Amino acid sequence: MSAAPKKITVLISGSGTNLQALIDASQAGKLAGAQITRVISSSPTAYGLERAAKAGIPTIIHSLQSEKYYANVPKTDKAGRKQAREQFNRDLAEIVLSSPTDLIVCAGWMLILSPLFLEPLEKSGLPIINLHPALPGAFAGINAIERAWEAGQKGEITKAGVMIHKVIIEVDEGEPLLVKELEIKKDETVEAYEQRVHDIEHIAIVEGTVKALTELCK
């Protein structure tokens with residue numbers, strides 16, 4: 001009797017090109033037999049939601065800017081915003097754990113995941129991985145592509161790339177599962193470099209997910 005397919009939940013915030021790479025891999029039988037069973041978006045306008053719908057994958061919108069969280073709390077109300085953000089993370093963990101899932105893949109999720117989200121997942125033994133467009137130990141956090149490109153043009157680095165890593169409390173500091181390097185090209189535009197990064201991301205997200213799934217089966 002064969003084992004049931006592993007279930008993947010994908011977290012997105014934007015256009016969903018990396019989600020599409022995962023969908024394509026799954027449909028082609030190249031995702032270790034796993035199925036994407038749910039997509040959660042932090043934005044109600046993310047095009048990734050349409051990609052999921054076209055593939056018949058259920059979606060959930062969990063927006064920090066909604067009335068339940070930030071919409072009715074002024075930016076000047078620091079305590080209120082903190083409380084809303086904490087509740088957002090608690091609720092996200094509850095949503096993720098509300099149905100059977102074997103792996104969480106952050107594929108362009110643009111919000112920092114706090115301990116209030118990560119700790120319940122850890123207690124449940126649910127692994128979570130993230131795609132970050134930089135090499136391990138370099139350019140953690142936002143705008144990594146632009147920062148790497150700028151450092152390359154200044155001659156500070158000769159290589160950059162992308163990685164798939166395990167998610168821990170420290171942003172983009174978890175153990176790398178997969179690393180793809182890119183040579184820095186002097187005088188290359190940031191747009192051209194960004195396209196090269198995205199091209200390799202679509203390969204890395206699939207290979208990294210397969211590697212994480214393989215670890216689950218050990």
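In this predicted model, helix α1 and helix α6 touch through a set of side-by-side residues: Thr17, Asn18, Ala21, Leu22 and Ala25 in α1 meet Glu201, His202, Ile205, Val206 and Thr209 in α6. Sorted by class, this contact of α1 with α6 holds 5 nonpolar, 4 polar and 1 charged residues.

The geometry of the pair comes next. Helix α1 covers residues 17–27 and helix α6 covers residues 190–216. Their axes lie 9 Å apart, and the two helices pack at an angle of about 55°. The crossing of α1 and α6 is right-handed.

The strands can be taken next. An open sheet is formed by 7 strands, with mixed pairing, and the order across it is β3-β2-β1-β4-β5-β6-β7. At its edges are β3 (59–61) and β7 (176–183), each of which pairs on one side only. On average, and ignoring direction, neighbouring strands of this sheet are turned by 20° against each other.

Within the sheet, strand β1 (residues 7–12) and strand β2 (residues 35–41) run parallel and are joined by 6 bridges. In this pairing, Ile12 stands opposite Ser41 in β2. Helix α3 (residues 78–96) packs on the sheet, where it touches β2, β3 and β4 (103–106). The direction of α3 makes about 160° with that of β2.

Note on methods: Residues numbered from 1 in each chain as written. Predicted model: local features only at pLDDT ≥ 70, side-chain atom pairs only at ≥ 80, totals over all residues. Heavy atoms only, no water. Pairing = 2+ DSSP bridges. Helix = DSSP H or I, 4+ residues; strand = E, 2+ residues; numbered from the N terminus. Axes fitted to C-alpha atoms, helices over the stretch in contact; angles between N-to-C directions. Contact = heavy atoms within 4.5 Å. Left-handed = near helix turned anticlockwise from the far one by under 90°. Nonpolar A, V, L, I, M, F, W, Y, C, P; charged D, E, K, R; others polar.
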